[in-house]
Amino acid sequence: TSTKQTLRTWFRSTLLPSPVICETSPSQRKLLAYHRGKEQQEMINQLLIDRALEVYYKTMDETDKDETAPPVTELPSTVRKYFFIKPLKILSFQADYLFLKKCVQSNPVVPIQQQWLRSMLAMVPQSLMEGRDRELLTEDLLKEIVRDYEKSMQRCVLRRALIKPDIEELDKLEEEALLPFFPLGLDFSSTWHNSYITAKNQITSTLHILHPTMRTLLDLGYTAFFNFLIVDFSSYRLKGPVDCKSFKTDASLGCSKAEDEIMSTWHQRVIGLFTQSEVLDGVKLDQLESFYNCVAVLMSNQLKELLQRTTEVFVKLFESEDRSHLPLFKMDLTLDENRMEFYPSLQDLEEAILFVVDCIGQTLQNVQTIHAWLMEGTATLDAELPAHTVQWAKSTLKKSIGNNLEGPKEHFKGYVESYGCLVDGTAEEQINRFVAEQPSFGEYA
């Protein structure tokens with residue numbers, strides 16, 4: 001009936017509890033951290049007790065040890081005070097650091113990429129890659145690179161993961177050196193693009209070698225000098241034997257003729273170039289002096305290169321093993337004042353050959369600069385041969401001349417040994433002494 005109470009009216013319908021999200025308060029988090037730290041401290045203390053027992057047992061005298069006695073499980077009060085009262089904190093830091101360090105070092109390291117090794121190996125000079133032991137040396141080099149890489153990675157990971165405690169005893173346990181620190185106080189955050197644009201604009205506005213006129217000037221010099229020599233003695237042998245005086249005269253005339261030809265062709269073309277109105281396009285008035293200085297330097301370099309190339313060709317003419325192009329010199333063997341000698345002397349011959357180097361160096365030394373020609377000035381180009389080039393040329397020529405004169409020297413030596421006594425009076429003195437001794441007819445015969 002409606003008035004009767006059923007089971008459904010006695011028991012309410014079951015409702016599922018709403019999900020509860022557990023949120024710990026700051027006080028609860030502090031309490032949990034305290035308990036966790038306490039548990040870790042107890043574990044560390046137990047490890048320290050075991051280590052201290054081991055050290056204490058090892059330091060006991062042999063007479064104090066009893067093999068039948070039970071193992072020591074508790075330290076004496078004095079030893080416990082020594083191990084725990086004073087250095088307990090230090091030992092705890094050491095154990096924590098060494099344990100964590102071992103854990104960090106046991107982690108695998110990312111291997112080095114093979115592409116890096118190939119790039120490093122490509123930087124080794126090719127001359128060092130040749131030989132029988134090349135493969136062994138290469139293998140040792142790669143092993144050393146891999147070893148240094150792994151060691152560096154371990155040190156880097158250790159430095160990022162751990163902070164080493166400032167404990168003096170810990171330094172003695174560390175086998176490796178202290179890790180390097182990053183440089184402090186250096187700011188690498190500034191960009192380079194603005195400074196690059198500034199430097200580029202400055203170079204473009206001041207480096208006149210990029211001007212189109214300079215390119216034209218280079219073309220004129222290359223066209224005039226690429227196959228030209230101040231003097232060329234490669235075919236001088238066809239003239240036959242010549243004396244030293246004629247050789248020096250021909251060298252002087254050749255240098256003078258070459259200078260006149262250059263001044264009438266190349267220099268006149270350069271002057272014609274700078275008489276045009278568009279030659280100074282883009283050059284500001286305050287940059288005219290630097291522009292013409294650049295022109296002077298470029299012209300000077302072209303003339304120096306011509307003189308230096310001519311000198312090198314002349315030196316190689318005497319230095320080469322092929323003697324088919326060597327000039328022939330006329331040498332006389334003379335008897336003068338009871339002396340036998342060459343005329344001209346070997347020293348005069350050497351001076352005649354070295355004279356050509358000086359003659360080449362004195363050529364084109366009065367070429368007027370373009371700015372001086374436009375302003376009716378007297379400035380000239382610096383076309384002097386470098387001192388080291390002149391020194392090299394003369395020293396090399398002296399050595400080559402000495403080698404080429406070995407034959408005439410041996411020829412002269414044979415004459416002196418065979419007939420010198422007839423010239424220097426030795427034979428006449430021997431004859432007079434022989435006659436004065438009044439020898440017999442047999443001795444005369």
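Visitor: Take Asp250: does it count as buried, partly exposed or exposed?

Guide: Asp250 counts as partly exposed, because its relative accessibility is 25% and the buried class ends under 20%. Keep in mind that this is a predicted model.

Now its partner. Asp250 forms a salt bridge with Lys239. The closest N and O atoms are 3.7 Å apart, and the cut-off for such a bridge is 4 Å. Asp250 sits in helix H10, residues 244–264, while Lys239 sits in the loop between H9 and H10, so the bridge ties together parts eleven residues apart in sequence. Lys239 counts as exposed because its relative accessible area is 55%, and the exposed class starts over 50%. Side chains of opposite charge can pair when their charged atoms come close.

The whole structure holds five salt bridges. One of them joins Lys304 and Asp382, with 3.4 Å between the closest N and O atoms. That pair links distant parts of the chain, 78 residues apart. Lys304 belongs to helix H12, residues 288–319, and Asp382 to the loop between H14 and H15. Lys304 is partly exposed, at a relative accessible area of 24%. Asp382 is also partly exposed, at 44%.

Lys143 and Glu139 meet through their side chains at 3.3 Å, N to O. Both lie in helix H6, residues 134–161, four residues apart, or about one turn of the helix. Lys143 is partly exposed at 47% relative accessible area. Glu139 is partly exposed at 39%.

Back to the sequence range of H10, residues 244–264. Thr363 counts as buried because its relative accessibility is 3%, and buried means under 20%. Thr363 is placed in the loop between H13 and helix H14, residues 370–375. Beyond its neighbours within four places in sequence, Thr363 contacts Ile230, Cys255, Glu259 and Leu307. Thr363 and Cys255 are 108 residues apart in sequence, yet 6.3 Å apart in space, C-alpha to C-alpha.

H13 also takes part in a pocket. The second largest pocket has a volume of about 360 Å³. Helix H13 (346–361) and helix H15 (387–404) are the elements that give two or more residues to its lining. H13 provides the largest share, three residues. In total 15 residues line the second largest pocket, and Pro327, Leu328, Phe329, Asn404 and Leu405 lie nearest its centre.

Ile203, Leu207, Ile209 and Leu210 make a patch of about 350 Å². Ile209 is in the loop between helix H8 (193–206) and helix H9 (212–225). Ile209 is partly exposed, with 36% relative accessible area.

Finally, the whole protein. The fold has 18 helices and two strands. Of its 445 residues, 25% are buried. Among contacts with a separation of 6 or more, 73% are between residues 24 or more positions apart. The accessible surface comes to about 33600 Å², and carbon and sulfur atoms own 55% of that area.

How values were computed. Residues are numbered from 1 along each chain as its sequence is written. This is a predicted model: local features need pLDDT of at least 70, side-chain atom pairs count only at pLDDT 80 or more; totals for chains, interfaces and linings use all residues. Side-chain values use heavy atoms; hydrogens and water are left out. Patches are made of residues with over 30% relative accessible area and no salt bridge: like charges are joined within 9 Å, nonpolar side chains (Val, Leu, Ile, Met, Phe, Trp, Tyr) within 5 Å. Accessible areas come from the Shrake-Rupley method with a 1.4 Å probe; for residues, only the protein chains shown count as cover. Buried means under 20% relative accessible area, exposed over 50%, partly exposed in between (1.4 Å probe, protein chains only). Contact means heavy atoms within 4.5 Å. On a 1 Å grid over the protein atoms alone, a cavity is a set of points where a 1.4 Å probe fits but cannot get out, and a pocket is an open set with protein on both sides within 12 Å along at least five of seven lines; lining residues have an atom within 4 Å of a point. Grid points are joined across faces, edges and corners, and a volume is the space filled by probe spheres set on the points.
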